Amino acid sequence: MLAISGFHMTLIVGFAFFLIRFLFAFSVSFSNRFNTKKIASIFAFIVSVFYLFISGARLPTERAFIMSTLALIAIILDRNPVSLRFVSVSAIIILLFSPEALVNAGFQMSFIAVVSLIRLYTLKDSFFIKYDSDDDSFKKNCLKFCNMLLANSLTAFLIGIAIMPFVIYNFNSLQIYSVLGNFFAIPLFSFIVMPAILFAFLFMPIGCDGFFLKVVEVGVKTINYFAEKVAILPYSSISMKSMNLLP
């Protein structure tokens with residue numbers, strides 16, 4: 001999470017999309033006249049292009065840029081952006097320009113993680129706690145918070161299980177407590193560190209980025225703290241033998 005990767009691109013684009021829609025919601029007349037979802041998609045695409053160049057346009061970022069762009073195009077065309085079809089198209093485009101990406105660990109793990117998350121998204125009604133619109137606001141907020149914790153737990157667990165064979169094959173090690181580490185680290189990174197980085201860039205031209213950079217520093221130190229605590233647990237990492245594909 002602390003290295004430049006497609007995970008950052010996803011967070012930046014998603015945060016920009018929802019931030020723009022939130023700002024447009026303050027103008028009722030504008031929201032009634034125009035489709036704010038499509039306008040927010042265009043702004044999010046501009047942000048993704050900007051982030052692609054400032055990050056050095058590395059392969060993981062390019063991969064995430066293509067996938068996020070296809071998802072934004074699907075929103076503009078009133079299509080479902082969360083589908084296996086758009087994942088397949090993204091993989092085909094990437095392999096057309098970079099066939100060697102097929103044997104890249106990042107390519108393998110990122111796509112299996114996305115496919116797993118889409119599958120979880122389609123089954124979300126089977127896991128999440130349901131509530132009625134007639135319930136009082138306190139009860140609904142509590143249930144929403146429980147659903148958020150449940151979604152975070154399921155996401156960390158599912159991704160950990162899905163990428164485990166690829167981690168063993170590429171890195172010859174098995175991380176026993178990766179799900180536990182992600183449970184603490186992913187919410188901190190998604191909802192505190194990355195939004196603070198985005199605001200720091202926005203306020204940097206006027207010299208008001210110091211507060212947001214301080215938030216980033218505290219968030220990163222907290223993530224490192226949890227990572228160190230998980231790493232020293234017994235049997236946190238188990239070395240595995242290399243897999244030989246040849247007979």
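Residues are numbered from 1 along each chain as its sequence is written, and side-chain values use heavy atoms, with hydrogens and water left out. Because the model is predicted, local features need pLDDT of at least 70 and side-chain atom pairs count only at pLDDT 80 or more, whereas totals for chains, interfaces and linings use all residues.

## Salt bridges

A salt bridge is taken here as a side-chain nitrogen of Lys or Arg within 4 Å of a carboxyl oxygen of Asp or Glu, and by this rule the count comes to three salt bridges. The table gives the distance between the closest N and O atoms for two of them, and the N to O distance for the pair of glutamate 217 and lysine 221.

| Aspartate 78 | Lysine 38 | 3.3 Å |

Aspartate 78 and lysine 38 form a salt bridge that links distant parts of the chain, 40 residues apart, since aspartate 78 lies in the loop between helix H4 (59-76) and helix H5 (84-97) while lysine 38 lies in helix H3 (residues 36-54). Helices, here and below, are DSSP runs of H or I with at least four residues, numbered from the N terminus. Aspartate 78 is exposed, at a relative accessible area of 58%, and lysine 38 is partly exposed at 25%; in these terms, buried means under 20% relative accessible area, exposed means over 50%, and partly exposed lies in between (1.4 Å probe, protein chains only).

## Aromatic pairs

A pair of aromatic rings is described by the distance of the centres and the angle of the planes. Rings of Phe, Tyr and Trp (for Trp, its six-membered ring) pair if their centres lie within 6.5 Å, and planes under 30 degrees apart count as stacked, over 60 as edge-to-face and the rest as tilted. By this rule the count comes to ten aromatic pairs. One of them joins phenylalanine 199 and phenylalanine 203 in a tilted arrangement, at 6.4 Å centre to centre with 40° between the planes. Both residues lie in helix H9, four residues apart, about one turn of the helix; phenylalanine 199 is partly exposed at 24%, and phenylalanine 203 is partly exposed at 31%.

Phenylalanine 199 also pairs with phenylalanine 212, and this pair is stacked, at 5.5 Å centre to centre with 25° between the planes. This second pair links distant parts of the chain, with phenylalanine 199 in helix H9 and phenylalanine 212 in helix H10, 13 residues apart. Phenylalanine 212 is buried, with a relative accessible area of 17%. Phe15, Phe199, Phe203, Phe211 and Phe212 form one aromatic cluster.

## Nonpolar cores

A nonpolar core is a set of buried Ala, Val, Leu, Ile, Met, Phe, Trp, Tyr and Cys residues joined through side-chain atoms within 4.5 Å. In the largest nonpolar core, which has 24 residues, Met9, Phe189 and Ile223 touch the most other members, and H1, H3, H4, H9 and H10 each supply at least two residues of this core. Apart from it lies another core of ten residues, among them Ala71, Phe86, Ala101 and Phe111.
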